[in-house]
Amino acid sequence: MKDMALKPADAPAETAGVLLPLPLAGAYDYKLPRGIRAARGLVVRAPLGSRESLGVVWGKAEGAVGDNRLKEAVPLDGQPILPAGLCDFIDWVSHYTLTPPGLVLAMALRSRQAFEAEIRRTAYVKGEELPKRMTPTRQRVLDVAADGLARSIPQLAEDANATPAVVRGLVEAGALLETELPEFPPFETPGPDFAGTTLNTEQDLAAHLLRSGVAGHRFAVSLLDGVTGSGKTETYFEAVAEALRRERQTLILLPEIALTVQFLDRFAERFGVRPAEWHSDLSQRERRRTWRAVMSGEARVVVGARSALFLPFKALGLIVVDEEHEQAYKQEDGAIYHARDMAVVRGRIENCPVVLASATPSLETYVNATSGRYAHLRLHRRHGEAVMPQVRLIDMREARGEPGTFLSPPLREALAVTLGAGEQAMLFLNRRGYAPLTLCAACGHKMVCRQCSAWLVEHRYRKRLVCHHCGFETATPPQCPQCGESGTLAACGPGVERVAEEFKLAFPEARVAIASSDTLHGPLETQMAIRAMAKRETDVLIGTQIVAKGHHFPQLTLVGVVDADLGGSDGDVRARERTFQLLHQVAGRAGRAEKPGLVLMQTRNPDDAVMKALAASDRDAFYEQERRSREITRAPPFGRLAAIILSGRDGEAVRVAGRELAKAAPAARGVKVWGPTPAFYSLLRGQTRERLLVQAERFVDVQAYLRAWLASVKLAKPVRLTVDVDPVSFF
Ligand code: ADP
Ligand code: ZN
Ligand code: ZN
């Protein structure tokens, strides 16, 4: 980092390119106050039109030196400088994703008040003097204060079971003295040796390699590949401990906030204190606190969602991406990036090891690990007694129950046995609500969203039809809106609510809970359902993919997958991989303690490779087959993809723009451009959407190709263009 020594006062003012956190093509020129050096990363206030914006000195000014018309950008108090690693990372992400650099910077400056003076709060400590008049309540307050800690008035009142008035009386009497505290107490440093674990041989070998990577402070990527419960977390905690010993920071990425809470507690058990957290549920003040503590180095371990990648780490020594295969790592709006891939980039820039952990790695990572580009650390066995569950397929072409039912006779039988034995079961269906489609039996009319080309999903408890894309909802109408007949609208197919209804009819005695991520069963209810399951207060948990992840239910011995074929065929290169990952993960919920687990999967395609690999518990067979098929089709990681999405309210303008864009696509070796075609949801929130897909050989510089192409066309104003490099969803 450059030092900020002042220059002689008579030196001319320096100019600089200042990056503003706005969607502009590049940096803007400013001059700096005399004596201030234009150090990259210096945070400034820059006039912009009639306003003022935060900005960051990014490089040299573009214009001629000594241009007097330049406006002056002024450094903030204390002249804060963003770490060089973060600045380089911002440039890299911007270049790779074709996102304007200012928008990427905006993600890094997400804590707007990060640079404002710290708030201090008033607190009180016990003084030397005693009040003239002593009462039992006053005595209680002074007894509480006797420990010497500073507390606010409400805090003292609460701790002493007194009223705030009594505390204020003591302040007036001079028995409590005013003092100032920082807004938050400092982050405590986790203890690397607070609670060690005795690792088994395989874990120990992996931990040893990870530790030496941290000690060597070199960039290297490892895939920590092990079945659920094999101790991946336990193992990478050893690498975290090593980073703590070396006084370097660690970033642990988790795919979802819902998983963070459990994780923080687990971390505290191992390291004595909770780590800093970073995600969208933090208040502005907490954000500011964490942002600063990361920049100062005080926050040693940060656990967070993908946006934590853009924090200003002072001395990053390790990055862990847990459940690296999760699609939630892909940010789909604003700057479109994949946090797992960008974590690897950040690790390279910071020169620190990156650990990707998963029981079902993404195919990209699997190929990198098996080809030797990444270290492949495998944990083959579950820790302790637990064995992998047995998976059996139920062929739904033969084992169907009565019409309108979704739990086959063999699954019902297994449920009866499990409940009879006093054990727990889980039913999995990756569909929220009661039914995915409502259809008129008289005229065939389908209830669809007016804003989106999507079916409205019935939520029967609330008697509403809901669009899961834009949130539009309406009361379930008594008549068909098309033909006017009443009583003809019929629910088609199951959602979790419908499965729960069927289950309750069959097992009226059992205690059931639904866990699904929607407005009725919101995050709180879901957490409660999961906790109740863990405490054995529920016999059967029925849920969407939210129940598939990370939870530990020791008494769960049966998992029923209601529709294993769901999502297997939507024409996207990763659909099969995702189905496999999800089902494998769901299966992994069963039999996590000493009792063996059984997984029953209802399918209409028992001969499909995904199903066969699941039934044989042969994960690598699936991966090898998937690798070959991607290799043949030149799909990622054997080729590159980039999607261009055009959207706008004026459907015709969007379609015209799509055709013009396609016509302008330059011919280049190894590049094919497909489309335009209507997107899967050709209408979404009222926006018409068209897609183009660029398919390129690995040697092609896709970014350069896209830049040249997009620079050559000018779109009509109302059409919005979005570039998605390495797309993972094809909506
Ligand atoms: P994973 O991250 O692979 O799912 P975890 O690290 O969560 O696995 O381990 C699963 C369970 O087994 C946890 O309760 C963990 O504490 C326990 N465990 C794993 N390894 C050990 C070990 N070596 N000694 C004691 N308990 C362990
Ligand atoms: Zn009708
Ligand atoms: Zn909609």
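Before you click, know that the model is predicted: local features need pLDDT of at least 70, side-chain atom pairs count only at pLDDT 80 or more, and totals for chains, interfaces and linings use all residues. Residues are numbered from 1 along each chain as its sequence is written, chains are lettered from A and ligands numbered from 1 in the order in which they are written, and side-chain values use heavy atoms, with hydrogens and water left out.

**Stop 1: zinc, ligand 2**

Select the zinc ion (ligand 2) and show Cys440, Cys443, Cys480 and Cys483. Their SG atoms coordinate the zinc ion (ligand 2) at 2.2 to 2.4 Å. Donors here are N, O and S atoms within 2.8 Å of the metal (3.2 Å for Na, K and Ca); water is not among the atoms, so sites may look incomplete. The 4 donor atoms subtend angles of 107 to 112 degrees, so the arrangement is tetrahedral. For four donors, that word requires all angles to lie between 85 and 135 degrees. The ideal angle for four tetrahedral donors is 109.5 degrees.

Now trace the chain: the donors of this zinc ion (ligand 2) follow the spacing C-x2-C-x36-C-x2-C. Cys440 sits in strand E19 and Cys483 in the loop between E22 and strand E23 (489-492), so this pair ties together parts that are 43 residues apart in sequence. Strands (E, at least two residues) and helices (H or I, at least four) are DSSP runs, numbered from the N terminus.

Buried means under 20% relative accessible area, exposed over 50%, and partly exposed in between (1.4 Å probe, protein chains only).

**Stop 2: zinc, ligand 3**

Next, pick the zinc ion (ligand 3). Which residues hold it? Its protein donors are the SG atoms of Cys449, Cys452, Cys467 and Cys470, 2.2 to 2.4 Å away. This site is tetrahedral as well, with angles of 104 to 112 degrees among its 4 donor atoms. Along the chain, the donors of the zinc ion (ligand 3) are spaced C-x2-C-x14-C-x2-C. Cys452, in the loop between strand E19 (437-440) and strand E20 (457-459), is linked with Cys467, in the loop between strand E21 (464-466) and strand E22 (473-475), 15 residues apart. Cys452 is buried at 1% relative accessibility, and Cys467 is buried at 1%.

**Stop 3: helix H18**

Select residues 651-663, which form helix H18. Color Gly651, Ala653, Val654, Ala657, Gly658 and Leu661: these are buried. Looking down the axis of H18, you'll find the buried residues within an arc of 160 degrees (taken from the directions from the helix axis to the C-beta atoms), so they line one face of the helix. They pack against strands E28 (639-648), E29 (671-684), E30 (687-697) and E31 (720-725), plus helix H19 (702-711); contact means heavy atoms within 4.5 Å.

**Stop 4**

Zoom to Pro636 and Pro637, joined by a cis peptide bond with omega about 5 degrees. Pro637 is in the loop between helix H17 (619-633) and E28. Another cis bond runs from Gly675 to Pro676, with omega near 10 degrees, and Pro676 lies in strand E29.

Finish at Arg634, in the loop between H17 and E28. Its phi is near 60 degrees, a positive value in a residue other than glycine.

Methods
Tetrahedral: all angles 85-135°; square planar, octahedral: opposite > 155°, others 65-115°. Expected span 1.5 Å × (residues − 1).
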